[in-house]
Amino acid sequence: MVERRQSRAAWFFLTPAFFLIVVFFFLPILAGFVLSLTDFDIYSIGSLKNARFVGFRNYAGTLRGGEFWNALRNTAYFVFLGGPLSVLTSLAAALLVNARLVRFKGVFRTVYFAPVVTTLVAVAIVWRYLYHPRYGLLNFALAKCGVPAVDWLGDPAWAMPAIILMSVWKNFGYNMLIFIAGLQSIPEELYEAARVDGAGFLRSFRHITLPGLAPTFLFVSVLTMIGSFQLFAEPYVMTQGGPLRSTTSVILLMYEEGFRWWRLGKASAIAFLLFVIVMAGTMIQLRFRREEQE
């Protein structure tokens, strides 16, 4: 009798949450998938009668076009270079501000986290000045070292690394806080025992910190990978996808198809292709983590 009442109470409190998830998550996904099977465009907004069912033609057209593969290559560049760089920077910052000898930890954590809550437009204005080919601070520092100036945002070879550098600087503070929480969950007694046994920083980091942070690493890696695949604001604000489409990401391509050319059916197909890629990447990471635990 008591279990039945507890079950009813659980369903009573969970039902509103399930309802919101279905309405604001699953139904939009289903609507987007249906949209990807049509040629929905600006004329269909005026009347749904103008939309025609085209099956998987949008998917086939997207996969045959070079724009999608170029955008996917740029996005993969950002994911596999910017993602690990962001995680390592976050971990280094977390170790630094969590060290016992560091004073004013709260100040450092606030300073490092400040870029996360700063608007991207303000960040872009500052970084566009830093990247300016003639008056930028980076080229000024390179000139002092005798290195020729670099056209950071105008050279296709340097545009994506420049965006990665700015993105890592802006976002590493978020993962830093997660790593700090993971570090503080490791018992201090383990470090004290390691110091008694004569272990230095590197051995303690390898045998205590890394195993203790394993679940945190998985969480941060998955979040960072998903966020990296959603690259949009940085190239949209900084380069508009240029030069020569070298910074056009999959999300930016989807935006252009949907809201610049009003091919909403094709834009939905691109979104679902990206969803499949992100899902595959997440499953691979979870599979590696499960094999490590076994």
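Analyst: Leucine 244 lies in the loop between H12 and H13; helices are DSSP runs (H or I, at least four residues), numbered from the N terminus. This is a predicted model, in which local features need pLDDT of at least 70, side-chain atom pairs count only at pLDDT 80 or more, and totals for chains, interfaces and linings use all residues. Residues are numbered from 1 along each chain as its sequence is written, and side-chain values use heavy atoms, with hydrogens and water left out.

User: Is leucine 244 buried or exposed, and what is its relative accessible area?

Analyst: Leucine 244 has a positive phi of about 55°, although this residue is not a glycine. Buried means under 20% relative accessible area, exposed over 50%, and partly exposed in between (1.4 Å probe, protein chains only). Leucine 244 is therefore exposed, with a relative accessible area of 74%.

User: Which residues does a cis peptide bond join?

Analyst: Proline 243 is found in the loop between helix H12 (233-238) and helix H13 (250-260). Omega is about -5° for the cis peptide bond, which joins glycine 242 and proline 243.

User: What is the relative accessibility of tryptophan 262?

Analyst: Tryptophan 262 is placed in the loop between H13 and helix H14 (264-293). Its phi is positive, near 60°, in a residue other than glycine. Tryptophan 262 counts as partly exposed because its relative accessibility is 32%.

User: How many aromatic pairs does the structure hold?

Analyst: Rings of Phe, Tyr and Trp (its six-membered ring) pair if their centres lie within 6.5 Å; planes under 30 degrees apart count as stacked, over 60 as edge-to-face and the rest as tilted. The number of aromatic pairs in the structure is 20.

User: How many residues apart in sequence are the parts that tyrosine 112 and phenylalanine 172 tie together?

Analyst: Tyrosine 112 and phenylalanine 172 form a tilted aromatic pair, at 5.9 Å centre to centre with 55° between the planes. Tyrosine 112 lies in helix H5 (residues 105-117) and phenylalanine 172 in helix H8 (residues 156-184), so the pair ties together parts whose separation in sequence is 60 residues.

User: What is the relative accessible area of phenylalanine 172?

Analyst: Tyrosine 112 is partly exposed, at 22%. Phenylalanine 172 is buried, with a relative accessible area of 9%.

User: Which residues form one aromatic cluster?

Analyst: Tryptophan 127 and tyrosine 131 form a tilted aromatic pair, 5.4 Å centre to centre and 55° between the planes. Both tryptophan 127 and tyrosine 131 are buried. The aromatic cluster is formed by Trp127, Tyr131, Trp152, Trp158 and Trp169.

Terms used
Helix = DSSP H or I, 4+ residues; strand = E, 2+ residues; numbered from the N terminus.
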